[in-house]
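Walk through this structure with the sequence alongside. We start with charged pairs, then turn to the chain as a whole, and end at a pocket.

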Amino acid sequence: MPPPKDVVKIAIQMVGAIPQLIELQQTKPLSSVLKDVCDAWSLPNAERYALQYADGRQTYITESVRHAPLRPPAPPLRRPPPHRLFLPLQNRRDIKNGSILRLTTSPDQEAERLYIGIQSKNVDVKTDSLKKLASLSQDVTFAQEFISRNGLKQIYSIVEEGNDTGEMLAHTLKAFTELMEHDFVSWENLSTVFIKKIVSYVTMNAVDASIQQLSLSILENMVPTSHIFFEVVRKEVTLDRLLTHLQVTNAQLQLKAMALLIALLLSATDAERREMMDTLREKNIRQFIHKNIIHSSEPLGDEMAHYLYVLQSVSLNLCEHRMKMSMDPYSQEQRDLLQSLRQAAFESEGEVPAGTFSTERRRSLCAKEFRKLGFMNNSNPAEDLRRAPPGLLALDNMVYFSRNTPNAYSRFVLENSSREDKHECPFARSSIQLTLILCEILHIGEPCSETAQAFYPMFFGQDHFFEELFCICIQLVNKTWKEMRATQEDFDKVMQVVREQITRTLSLKPTSLELFKTRVNALNYSEILKLRQTERLHQEETLAVPVLELREKLKPELLELIRQQRLLHLCEGTLFRKISSRRRQDKLWYCRLSPNHKVLHYGDVEEGVQSPPIESLPEKIPVADMKMLLVGKECPHTKEKSSGKQNKDVLELAFSIVHDVEEYCLNFIAPTRYEFCLWTDGLNVLLGKEMTSERTQTDLDVLLSMELKLRLLDLENISIPDEPPPIPKPPSNLNFCYDFSHAEQ
């Protein structure tokens, strides 16, 4: 007879004592359980003790989940990192059969002891207490107890009054960071003295790298919470100083410096952000990043990739203002820019002065020239630029092209002026549409994604990236127009091909604009047609009834193959990042399925560990205890973020395993959509359900396509009829009957 669900068999350890094996009654008060354990070891004052997990995160066991006090969330300026796991607070209901617990000092007693210890005059005692505090502060129960004793005030004092920059300070800053992570206390409560002290650790040279990392991390979390803090940090920690930290060889220090730089950019107003980006441009930060970070010998981590994506996005979004601004026909500055396009194309030094023509004649001549430039409304070309987006950004691009590549500009305009009207490629119309296409491809005007890591390496190799990209692509438009022998009616078709050329080339992640130019020009119209034809052949399957019947016959076998692959992937395991609602942490955890497919093993791992052995993962969930798989908005850890804007990227990667009863979940944020599909499919297989991810259908289609092609090789170039050929009638002289009577005669 199976044991009741509210009884679990566990082991309890204590230093210097023989472990106890007990049956824990989950309905029994925790205080009574502790008293029984203490009595067995003849320990008085059971209220001074607590149970703690012996392995893994060593969390205190509590009677129920304890929540942090609610307070208004910080403004959503900091982007939380990709693939973080939202961890619910541990409580006694999570204890499983076979768990190993440890009897230890209760959180309140430990908090009191360390509170006194960090005030000790003895340096060794104080250092040891701070070290222990930094370790225990990760536990929310302990953190509540320590903060309730006004422990943060003592930490403030150690930082504000101390001159030490060694081990003691490192433990102090680590403890402070962990305590603030629980959100019991607002960052806005920090004093100016404390902030300036933290700032000094960043700006001083003779400071240990670990202290500078922690200080940069503290400032990074502080900046989004208040514009006053932003102003203080921006004033005290100059961009020059941050660039100095970016140039060090210490990868972690470099990462924290980049994190603070991004936090400052995201917290700034538009004017402040533009000013900061101008300063960074003067310091050649793009070239430095391109050379020393993107092309460094060390592989680029996920967090640095995300920061580079944000820096690229923030920089490109500086174009948003001009993109959304329509042309003002009464603005002399804008009209001069428009006239400069005409003059650069048609007026030369030896031309007859405009004063020799009448006003009407001059207006007629200008209208003709604007028509040759490709404006739809040649009598009032400003009307073509009233549409926003792309607004004035299109005009800026045309002017940049005419001034920085005058030969290419003149060649474009004059070449098309000599063609028949219906075959000429309209420069202005093409430029306006191309600018809009580039804005859409580069996501200009869109908010930064909280998890994206896709940046273009060539962006960091060029100061005027958007304008230079336009110069290459507008010449591509003219080239493609000629290859397609297009007319005015084909304008939209040409621009679709150009969009495809740009998108396909960008997907190859060229490292420089020169390489982009070479590849995009090599991808001519005939190559696009070949690629489209190849993709169509891959996508299309013969719809003959016999082939469809063969497909259905092959499906069960191939689905079983996919199931085995999914389970094999779960056995290999995946590295996940823990996620919090506020900031990045460098904490990782690993999850994998046992070879016999009966137990999920998981646990925290250190940075750099790629595939830990299954024995090193202390936590486990029997597959038999798994009840349900939740994805997206149904997951409890996505509901916890309801105070802020739900992030689409996180929702698409979130899934949870419900085990024992519905309240207890193991929550995941997959590193990629690919991992999400493989894990959800594998878990559905373990639960005896259908695989529902889009990857399953993709894999099935690929396998079916390959299998069908192999089986139909002998029928190549032979058309398969929809209906089987009719069976012919037997010939009239066919007789299978032997008349024995005649033989007998």
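A salt bridge here is a side-chain nitrogen of Lys or Arg within 4 Å of a carboxyl oxygen of Asp or Glu. The model is predicted, and side-chain atom pairs count only at pLDDT 80 or more. Side chains of opposite charge can pair when their charged atoms come close.

Take Arg234 and Glu272. Their side chains form a salt bridge, 4.0 Å from N to O. Arg234 sits in helix H9 (residues 227–236) and Glu272 in helix H12 (residues 270–282), so the bridge ties together parts that are 38 residues apart in sequence. Are the two partners buried or exposed? Arg234 is partly exposed, at a relative accessible area of 22%. Glu272 is buried, at 12%. The cut-off for buried is under 20% relative accessible area.

Next come Arg322 and Asp396. Their side chains meet in a salt bridge of 2.8 Å, N to O. Arg322 belongs to helix H15 (residues 320–323) and Asp396 to helix H18 (residues 392–404), so this pair joins parts 74 residues apart in sequence. Arg322 is partly exposed, with 25% relative accessibility. Asp396 is partly exposed too, with 24%.

Glu440 counts as partly exposed, at 38% relative accessibility. Arg499 is also partly exposed, with a relative accessible area of 30%.

Charged residues also link up in a group. Arg566, Asp681, Arg695 and Asp699 form a network of salt bridges. How many salt bridges does the whole structure hold? A search finds 30.

Now step back to the chain. It has 30 helices and eleven strands. Of its 745 residues, 48% are buried. Its accessible surface comes to about 38,000 Å². Carbon and sulfur atoms hold 52% of that area. Among contacts with a separation of 6 or more, 71% join residues 24 or more positions apart.

At 19% relative accessibility, Asp94 counts as buried, because the cut-off is under 20%. How far is Asp94 from Asp660 in sequence and in space? The two are 566 residues apart in sequence and 9.4 Å apart in space, C-alpha to C-alpha.

The last stop is a pocket. Rolling a probe the size of a water molecule over the atoms shows where empty space is left. The second largest pocket has a volume of about 860 Å³. Its lining counts 32 residues. Pro299, Leu300, Gly301, Asp302 and Glu607 lie nearest the centre.

Which elements supply this lining? Helix H11 (251–267), helix H13 (285–294), helix H14 (302–316), strand E5 (574–577) and strand E6 (588–593) each supply at least two residues. H11 gives the most, with four residues. By class, the lining has 14 nonpolar, twelve polar and six charged residues.

How values were computed
Residues are numbered from 1 along each chain as its sequence is written. This is a predicted model: local features need pLDDT of at least 70, side-chain atom pairs count only at pLDDT 80 or more; totals for chains, interfaces and linings use all residues. Side-chain values use heavy atoms; hydrogens and water are left out. Buried means under 20% relative accessible area, exposed over 50%, partly exposed in between (1.4 Å probe, protein chains only). Contact means heavy atoms within 4.5 Å. Accessible areas come from the Shrake-Rupley method with a 1.4 Å probe; for residues, only the protein chains shown count as cover. On a 1 Å grid over the protein atoms alone, a cavity is a set of points where a 1.4 Å probe fits but cannot get out, and a pocket is an open set with protein on both sides within 12 Å along at least five of seven lines; lining residues have an atom within 4 Å of a point. Grid points are joined across faces, edges and corners, and a volume is the space filled by probe spheres set on the points. Ala, Val, Leu, Ile, Met, Phe, Trp, Tyr, Cys and Pro count as nonpolar, Asp, Glu, Lys and Arg as charged, and the others, Gly among them, as polar.
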